Amino acid sequence: MIHNIAGTFGFIAKGGILMIPIILCSVLALAIIIERFYSLHRAQINTQAFMARIREVLKRNKIMEAIQVCEDTPGPIAQILKAGILKYDRGKEEIKEAIDDAGRHEVPLLEKYFNVLATIIAVAPLLGFLGTVSGMIRAFMNIQEKGGAVNPGDLASGIWEALLTTAAGLSVAIPILVVYNYLVSRVDGFVLDMEKSSTDLVEILSEEK
């Protein structure tokens, strides 16, 4: 096992110093992805069951109970509905405005760290390509220093650097891009549920007046 670990570090070392920021990008991205999966999982609720409960409570005119249900329920949907219920005695436009304001606060929380992931997706391949350029420069410098009389071994280190950094940068960016798009689709699903739930709440509160 120690031999395998040493071999892995040796393999990475052949990619040159640019392997360090590429590896750091992968570690940071992994931490963000785990955190986002956990947060979005906690925010997920059975929207239909939740709305049925809210409708049933509001039909009995139990405003405080409806607010308590929202407070006891995790996720952005409960929070935006709470904002609307707090304005239950106001006009439809004020209720919508309160819900919209709450939504503008909740959506960025769902998209937290997405800009960091997007930056890593863009930067990791560029670091890899920079390593490619650096490796090829080293290879051609060896050719120049030896007056063209070189053998494949003289070029090996530069070619290793060029190939490894490119492969590493793409290997980091591609899976992160796939996961990033999945997370974006999850957030889009939340937003659709929020819009539908807020529309239903406005209709429920309008019926009770």
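Colleague: Leaving aside neighbours within four places in sequence, with which residues is Ala43 in contact in this predicted model?

Modeller: In this predicted model, Ala43 lies in helix H2, which spans residues 19-43. Contact here requires heavy atoms within 4.5 Å. Once neighbours within four places in sequence are set aside, the residues in contact with Ala43 are Pro74, Gly75, Pro76 and Phe190.

Colleague: What separation is found between the C-alpha atoms of Ala43 and Pro76?

Modeller: Pro76 is one of the residues in contact with Ala43. Along the chain, Ala43 and Pro76 are 33 residues apart. The separation of their C-alpha atoms is 6.8 Å.

Colleague: Is Ala43 buried or exposed?

Modeller: The limit for a buried residue is a relative accessible area under 20%. Ala43 has a relative accessibility of 10%, and therefore it counts as buried.

Colleague: Which residues does Thr47 touch, not counting those up to four places away in sequence?

Modeller: Thr47 belongs to helix H3, residues 47-59. Its relative accessibility is 15%, so Thr47 counts as buried. Not counting residues up to four places away in sequence, Thr47 touches Ile77, Asp193 and Ser197.

Colleague: How many disulfides does the structure hold?

Modeller: A disulfide is a covalent bond between the sulfur atoms of two cysteines. Cys25 counts as buried at 14% relative accessibility, and Cys70 is buried with a relative accessible area of 0%. The criterion for a disulfide is a pair of cysteine sulfur atoms within 2.5 Å. The number of disulfides in the structure is 0.

Colleague: Which residue forms a salt bridge with Arg53?

Modeller: The structure holds 9 salt bridges. One of them links distant parts of the chain, joining helix H3 to helix H4 (residues 63-72) through residues 12 apart. Its closest N and O atoms are 3.8 Å apart, and the partner of Arg53 is Glu65.

Colleague: Why does Glu65 count as partly exposed?

Modeller: Partly exposed covers the range between the buried limit, under 20%, and the exposed limit, over 50%. Arg53, the salt-bridge partner of Glu65, counts as partly exposed at 41% relative accessibility. Glu65 is likewise partly exposed because its relative accessible area is 29%.

Colleague: Which residues are linked with Arg53 in a network of salt bridges?

Modeller: Arg53 forms a salt bridge with Glu65. The side chains of Arg60 and Glu56 also meet in a salt bridge, at 2.7 Å from N to O. Arg60 is partly exposed at 39%, and Glu56 is partly exposed at 36%. The residues linked with Arg53 in the network are Glu56, Arg60 and Glu65.

Colleague: What is the distance between the closest N and O atoms in the salt bridge of Asp101 with Arg104?

Modeller: Asp101 and Arg104 both lie in helix H6 (residues 92-110) and are 3 residues apart, about one turn of the helix. Asp101 is partly exposed, with a relative accessible area of 38%, whereas Arg104 is exposed, with 56%. The closest N and O atoms of the pair are separated by 2.2 Å.

Colleague: Which helix gives the most residues to the lining of the largest pocket?

Modeller: The largest pocket holds about 260 Å³ of space. Of its 14 lining residues, the closest to the centre are Ser39, Ala43, Pro76, Leu109 and Leu110. H2, helix H5 (76-85) and H6 each supply at least two lining residues. With 6 residues, the helix that gives the most is H2.

Colleague: How many charged residues are in the lining of the largest pocket?

Modeller: Sorted by class, the lining of the largest pocket includes 6 nonpolar and 3 polar residues. The number of charged residues in this lining is 5.

Colleague: Which helices each supply at least two residues of the lining of the second largest pocket?

Modeller: The second largest pocket has a volume of about 220 Å³. Of the 13 residues that line it, the closest to its centre are Ile99, Asp100, Met194, Glu195 and Ser198. By class, this lining has 6 nonpolar, 3 polar and 4 charged residues. The helices that each supply at least two of the lining residues are H6 and H8 (152-207).

Definitions and conventions: Residues numbered from 1 in each chain as written. Predicted model: local features only at pLDDT ≥ 70, side-chain atom pairs only at ≥ 80, totals over all residues. Heavy atoms only, no water. Helix = DSSP H or I, 4+ residues; strand = E, 2+ residues; numbered from the N terminus. Buried < 20%, exposed > 50% of the residue type's maximum accessible area, 1.4 Å probe, protein only. Salt bridge = Lys/Arg side-chain N within 4 Å of Asp/Glu carboxyl O. 1 Å grid on protein atoms, 1.4 Å probe; cavity = no way out; pocket = protein on both sides within 12 Å on 5 of 7 lines; lining within 4 Å. Points joined across faces, edges and corners; volume = space filled by probe spheres on them. Nonpolar A, V, L, I, M, F, W, Y, C, P; charged D, E, K, R; others polar.
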